[in-house]
Amino acid sequence: MSFIKIEEGIYYYPFDDKYLRPNLFYIRGEGKSLAVDAGNSRKHRLEFFEEIKKQDLREPDIIVLTHCHWDHTLGLDGFEGRSISTEQSKNRLAEFRNFSWTKDSLKEITKQGFMSKFSYLYMRKVYRNDPIHIPDIGESYKGRKKLDVGGKIVELIQTETPHCEDSTIVWIPDQKIVIIGDGDYPSYKNNVEFYDKERTLSFCKTVESLPFEYYCGSHKRPLNRIDGLKQLELLRKKAE
């Protein structure tokens, strides 16, 4: 896979459903750069960084995590730059470090409801016999946070979503790009898809308040404004 350009200075490394790899986004500023999400493993992140080098771009100075789920965070292992998430995501990963992440323990973690069967099957496929390291997130925030990425302003917006309660939406105002992570996906109750109405409506309202032209999720291609609004309307119907 190779880098795909969305707008000047904004790229993404495409998702791969076979191994539950989400899109990884790259934002270039002057002398500084930022990535959105770290990938599902160190191997995933390093492949992403290799593609960055092929484009003669600098490695990310900062990685922002959209939420705490393993396919977005475990690639942070070994990263030496700044990492930022919501306070909830940081605390959630700290809780995960209390578990022994071995092949055998994954079954027990799933039985206790800390991970879905869906994630369990993919995690077994990605890691096989490799060790799993739960990373520590360096910085956290609440509400909203603006970052100056070499003259490019990037805003982090904490919001609840149907997928989880610890999400960050990444908003790039000068290019009208919103990165929602897994925001428009469901959560799971007893391994059944579930769209919490209140969280879903809150998410839709937050995204619709932004004058976006590109709507970028984690496991699909970026959408234009018209298709992004259609996706939000469909999401509302699922939550009714």
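These legends walk through close-up views of a predicted model. Residues carry numbers counted from 1 along each chain as its sequence is written, and in this predicted model local features need pLDDT of at least 70, side-chain atom pairs count only at pLDDT 80 or more, and totals for chains, interfaces and linings use all residues. Side-chain values rest on heavy atoms, with hydrogens and water left out.

**View 1. The seven-stranded sheet is open and has mixed pairing.**
Its strand order is S1-S2-S3-S4-S5-S6-S7. Helices (H or I, at least four residues) and strands (E, at least two) are DSSP runs numbered from the N terminus, and two strands pair if DSSP finds at least two bridges between them. Strand S1 (4-7) and strand S7 (139-141) form the edges, each pairing on one side only. On average, neighbouring strands of this sheet are turned by 25° against each other, direction ignored.

**View 2. Here we zoom in on strand S6 (residues 82-86) and its partners.**
S5 and S6 run parallel and are joined by three bridges, with Ile-62 opposite Arg-82 in S6. S6 and S7 also pair in the parallel sense, over three bridges, and here Ile-84 stands opposite Glu-139 in S7. Four of the five residues of S6 are buried, so this strand is largely enclosed by the rest of the structure. Buried means under 20% relative accessible area, exposed over 50%, and partly exposed in between (1.4 Å probe, protein chains only).

**View 3. Helices H1 and H3 lie across this sheet.**
H1 lies across S2, S3, strand S4 (33-36) and strand S5 (62-64), and runs at about 40° to S3. H3 lies across S6 and S7, at about 105° to S6. For these angles, axes are lines fitted to C-alpha atoms, for helices over the stretch in contact, and values run from 0 to 180 degrees between N-to-C directions.

**View 4. The largest nonpolar core has 33 residues.**
Such a core is a set of buried Ala, Val, Leu, Ile, Met, Phe, Trp, Tyr and Cys residues joined through side-chain atoms within 4.5 Å. Phe-3, Phe-48, Ile-63, Trp-70, Trp-101, Met-123 and Ile-132 touch the most other members. Elements that give two or more residues include strand S2 (10-13), helix H1 (42-54) and helix H5 (117-127), and H5 gives the most, with five residues. Leaving aside neighbours within four places in sequence, Trp-70 is in contact (heavy atoms within 4.5 Å) with residues including Leu-20, Ser-119, Met-123 and Tyr-127. Apart from this core lies another, of 20 residues, among them Phe-25, Ile-84, Leu-147 and Val-149.

**View 5. A six-stranded open sheet, also with mixed pairing, has the order S8-S9-S10-S11-S14-S15.**
Strand S8 (144-149) and strand S15 (223-224) stand at the edges with a single partner strand each, so one side of each has no neighbour in the sheet. Strand S11 (residues 177-181) and strand S14 (residues 214-217) pair in the parallel sense over four bridges, and Ile-179 has Cys-216 as its bridge partner in S14.

**View 6. Thr-206 sits in helix H6.**
Helix H6 (residues 197-208) lies across strand S9 (152-159), strand S10 (167-172), S11 and S14, running at about 160° to S9. At 15% relative accessibility, Thr-206 counts as buried. A polar atom of the Thr-206 side chain lies 3.0 Å from the backbone oxygen of Ser-202. Beyond its neighbours within four places in sequence, Thr-206 is in contact with Ile-157, Thr-159 and Ile-169.

How values were computed:
A polar contact is a pair of N or O atoms within 3.5 Å; within protein, one must be able to donate a hydrogen and the other to accept it, and residues adjacent in sequence count only if both atoms are side-chain atoms.
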